[in-house]
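These are my notebook entries on a single protein chain. I looked up its domains, their contact, the salt bridges and the backbone.

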Amino acid sequence: MTYRITVIICLLFAGLFLGCQDHQVNPDGTPKVSVALPSLPVKVTNTVGEWLVYDLHLHTPPGSTLQKIDVMRGNEVLSTFTDFSIRKDSFYLAHIWLPYPRSGWDVDVLTNRFQVSQSGRTSVSTFQVKIDRQYPDQRRVGFPVPSGTWFTEDAPDPSSLHTRALFLFPQPVFDPAQNGYVIGNNPQRYAIDFTKVVDGLPYKNKGDKNEDWYNYNLPVMAAEGGTVVFTADGFANNGTPGKIDYPIDFTNITGNVVYIEHSDGTLAMYAHMIPNSIRVKVGQKVTAGQELGRLGNSGNSIAPHLHFHVVANPDRKKLVNYSDGLFLEGLPYSFPAFRKLGTAPDNFLTKQPVSLFTPTTSELFTNVIPQKSAVIEF
Ligand SMILES: [Zn+2]
């Protein structure tokens, strides 16, 4: 009966009533999970290993709970995921990172098996993700900061704050092609916050002045050549590391920022620079290594650092408003060569007193991206 009424309402308000587009019940009455991929799976190689990476935007019927996702190759469970970065209003965001087989994939699809509970009943549904046998290499870029020893905070990882930080749409958008809801974009899925380390420490003195930080006012350099397509300047530095001086929203989150469009249409973003330090203008061509501005502490930044990431822009969307670049999807990249010296102590930038970083290794890596919390030298 309820179903019949819903159908009638849907016919009357076809296309207007979001909830009608997805009935969320399987023919046997069990809850259906609607699934959307914000972007296609990619291969990511970091200092830990090789991974197949994709996000899932999921919606379960109201009153139900997504308990876990098993990712399966045929009947074999490869990995199980239970830690979702969004669990809100029956929407979930899952970050799937699977070890990439040494010899590549011998299957064309992976099955994502969802376990959902509702009113004490548990049900299972599946969604297949197409995979390629071979993915292209990550795009190769140069370092966006001068040579030295650097802490790569929140480099890509399913537990990284960047990887988990979605920019939500005001309302989830139903994509009829996928038969699922896309709930936002994540431009910073593969972002890195760069902080310089000297003699095992990120700053001298107490670190309560921007000038105490070893990276403050260093040049920020183009990681790849291209055309400057957006800049914003004039946002104040946060004056005291550890504190943000003004409310953060979509009009100031990246602080003083430069976007560069590469020849293939992808964009690189360089954020949090010192006010009035940006040296390039929209329309200007820049070469790899060219100075864009000075590393600062503006916008959503609790200490001087460079936030760097690369996004896809398949529709060549023009960046007009400050927030336009936030609604694009992140792409992985790699650096030609660096040494990993170890990983930094927990809360390396915020803990008082600061813990000294001591190198534990000096392993050379080429054409990979550093792992979360690595300390690297180049
Ligand atoms: Zn960041």
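How much area do domain 1 and domain 2 bury between them? I noted that the model is predicted. For the two domains I read about 790 Å² of buried area, with 67% of it on carbon and sulfur atoms. I recorded this quantity because the size of an interface is often given as the accessible area lost when the parts come together.

Entry on the domain 1 side. I looked up which residues there give up the most area to domain 2, and found Thr45, Asn46 and Thr47, which together make up 56% of what that side buries.

Entry on the division of the chain. Domain 1 covers 2–136, while domain 2 is made of 140–156 + 191–377. I found ten residues from domain 1 and ten residues from domain 2 in the contact. The C-alpha centres of the two domains are 32 Å apart.

Entry on polar and charged pairs. I looked for salt bridges between domain 1 and domain 2 and the count was zero. For polar contacts, I found three residue pairs across this interface, both partners being at pLDDT 80 or more. Strand S2 (residues 42–45) supplies four residues, the largest share of the domain 1 side that touches domain 2. By class, that side holds five nonpolar, four polar and one charged residue.

Entry on salt bridges elsewhere. My search of the whole structure gave 17 salt bridges. In one of them, the side chains of Asp55 and Arg189 meet at 2.9 Å, N to O. Asp55 belongs to strand S3 (residues 50–59) and Arg189 to the loop between strand S13 (180–185) and strand S14 (192–196), so this pair ties together parts 134 residues apart in sequence.

Entry on the annotation. In the UniProt record, an unreviewed entry, I found the feature "domain: M23ase beta-sheet core" at residues 217–313. I computed 0% helix and 36% strand for residues 217–313, and their end C-alpha atoms lie 30 Å apart.

Entry on the backbone. Which peptide bond did I find to be cis? The bond from Gln352 to Pro353 is cis, with omega near -10 degrees. I located Pro353 in the loop between strand S22 (333–343) and strand S23 (363–368). Asp154 has a positive phi, near 55 degrees, and is a residue other than glycine. I placed Asp154 in the loop between strand S11 (149–153) and helix H2 (161–164).

Conventions. Residues numbered from 1 in each chain as written. Predicted model: local features only at pLDDT ≥ 70, side-chain atom pairs only at ≥ 80, totals over all residues. Heavy atoms only, no water. Domains from an automatic or database assignment. Contact = heavy atoms within 4.5 Å. Buried area = accessible area lost by both parts, 1.4 Å probe. Salt bridge = Lys/Arg side-chain N within 4 Å of Asp/Glu carboxyl O. Polar contact = N/O pair within 3.5 Å; in protein donor to acceptor, adjacent residues only side chain to side chain. Helix = DSSP H or I, 4+ residues; strand = E, 2+ residues; numbered from the N terminus. Nonpolar A, V, L, I, M, F, W, Y, C, P; charged D, E, K, R; others polar. UniProt positions renumbered as here; feature names shortened; annotations may be inferred.
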